[in-house]
Amino acid sequence: MKTGNHQYMTEVVAGWGKLPEGASYGYTHGIVIDKQDNVYVLHTGQDNVAIFNRSGEFIRSWSVEGIGDGAHGFYLHAESDGEYLYITDTNHATVLKTTIDGEIVLRLEPPVLPEVYNEEKKYKPTDIAVAPNGDIYVTDGYGQHWIHQYSAKGDYLGSFGGTGSEPGRLKCPHGISVKLTGDSPELYVADRGNFRIQVFTMDGKHKRFIQNDMDMPCSFYFADDYMFFPDLHSRITVFNAADDTLVAHLGEDQQAYKQQGWPNLPKTYYRDNRFSSPHGVCVDSHGDVYVSEWISDGRVTKLRRI
């Protein structure tokens, strides 16, 4: 079953990534891939990180203290001494850095900003990105719509954003990533509530909007000459990374998100080559695409590049 177009065509790998008997997913929010093309799925159920090889064979699973029913942001970053995972929990205001085996090596404290946060106005971190200098950026997508910057050691450095639709303001900054190509690194922010991407300098200055060919962007994955992002409204979008123009929509279903009860639709509705609520995406070294969807009992799909 194929999806895409002549510029970027894929086919569904049916049955990829089955959990062992007796195991089950919660909401499958994040998905990342390591240098060996092993795929890590973050979900809200028990043992909330499940790991598969490229063929879809289950390797192992584990959980991290502090990550539970709000498991959400998931980012894998290669550093000088190895690969690390960055994980958020929106319900517990948790941001952690772990080894790829789940050992906690850094915990980011919530920003102390009395003018922004109080008992009623909560901090709910949704995603993380790491700059070339090691600085860490955290999006408060479900809270007060700010982006917070920390040093590699976890020291708070500053914040930018705040609620609004004008340049530099945000409404559900759901995902964040660092684009490394071009003259200098840039921060790409999935300004989901404003139905756009917003691009910033690394010190939080607004540069431009990207508003074409998207609906509700959730996060990003840069691979080769492409930028991939999940449109929560039922498709994966592929852009040319050089100029932010559309290459393809994968698995598009413009009826799914309009259904009563979405995203948790009857099982009879789902089709292998159509998405309902894509939330995470990553790409392996062969160009194959992996997608996790915001569905109560989880859904993970592999699309093979052809």
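The model is predicted: local features need pLDDT of at least 70, side-chain atom pairs count only at pLDDT 80 or more, and totals for chains, interfaces and linings use all residues. Residues are numbered from 1 along each chain as its sequence is written, and side-chain values use heavy atoms, with hydrogens and water left out.

The protein chain has 25 strands and zero helices. Both are DSSP runs, numbered from the N terminus (helices: H or I, at least four residues; strands: E, at least two). The C-alpha atoms fill a box of roughly 50 × 40 × 40 Å along the principal axes. Buried residues account for 59% of the 306 residues. Buried means under 20% relative accessible area, exposed over 50%, and partly exposed in between (1.4 Å probe, protein chains only).

The side chains include 28 positive and 41 negative ones. Lys and Arg count as positive, Asp and Glu as negative; His and the chain ends are not counted. A salt bridge is a side-chain nitrogen of Lys or Arg within 4 Å of a carboxyl oxygen of Asp or Glu. The count is 17 salt bridges.

One of them pairs Lys122 with Glu119, with the closest N and O atoms 3.7 Å apart. Lys122 is partly exposed because its relative accessibility is 37%. Glu119, at 66%, counts as exposed. Asp203 and Lys205 also meet in a salt bridge, at 3.8 Å from N to O. In the bridge between Arg235 and Asp231, the closest N and O atoms lie 2.9 Å apart. Both Arg235 and Asp231 are buried. Shared partners link Arg54, Asp284, Asp288 and Lys302 into one salt-bridge network.

How values were computed: The place of a charge is taken as NZ of Lys, CZ of Arg, CG of Asp or CD of Glu.
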